[in-house]
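Here is a brief report on one protein chain. Start with its contacts, then move to its surface and its pocket.

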Amino acid sequence: MEDLKKSLRMPLFGNPFSPKKVPPRKSASLSSLHTLDRSTREIELGLEYGPPVMNIGGQVLKFEEGQWITESGGNVSSREVQRLKKKNIQLEEENNVLKLKIELLLDMLTETTVEYHLMEKEVEEVKTQHRRKK
């Protein structure tokens, strides 16, 4: 019976649980461009690195500082509009700070004026009491 079991095993397929060896991987890049410095790459390949630009429906869009900016249409560019908006926000904040300072100064002036009038009133009362005593 043992001989029958041995003969029923299929030696052609080998052990089903022994995985085959994986061949080594090829190099990711066979190009030597990564070894060249930028200026050599630009000379060799004519590459000019700059912000991405695209033309959609007659409007030229340029990607700068994480935002798409329109460069065409009108006299003022989108970049200039964004700069002016930032400046406007900055001036509004400065204006609010100055209004707060003026309000604070007016409160201080009011407090000082009230104190002055109270002191003046006390001085007048002291004078009148002094006159009565004489």
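## Contacts and burial

Among the contacts in the chain with a separation of 6 or more, residues 24 or more positions apart account for 0%. The model is predicted. The chain has 134 residues, and 3% of them are buried. Buried here means under 20% relative accessible area.

## Fold elements

The chain holds three helices and three strands. Read from the N terminus, their order is α-α-β-β-β-α. Strand β1 covers residues 53-56. Strand β3 spans 67-70, and helix α3 spans 78-133.

## Surface

## Largest pocket

The largest pocket holds about 230 Å³ of space. Which residues line the largest pocket? They are E64, E65, Q67, I69, R79, Q82, R83 and K86.

Two elements, β3 and α3, each supply at least two residues of this lining. Helix α3 gives the most, with four residues.

Technical notes:
Residues are numbered from 1 along each chain as its sequence is written. This is a predicted model: local features need pLDDT of at least 70, side-chain atom pairs count only at pLDDT 80 or more; totals for chains, interfaces and linings use all residues. Side-chain values use heavy atoms; hydrogens and water are left out. Buried means under 20% relative accessible area, exposed over 50%, partly exposed in between (1.4 Å probe, protein chains only). Contact means heavy atoms within 4.5 Å. On a 1 Å grid over the protein atoms alone, a cavity is a set of points where a 1.4 Å probe fits but cannot get out, and a pocket is an open set with protein on both sides within 12 Å along at least five of seven lines; lining residues have an atom within 4 Å of a point. Grid points are joined across faces, edges and corners, and a volume is the space filled by probe spheres set on the points.
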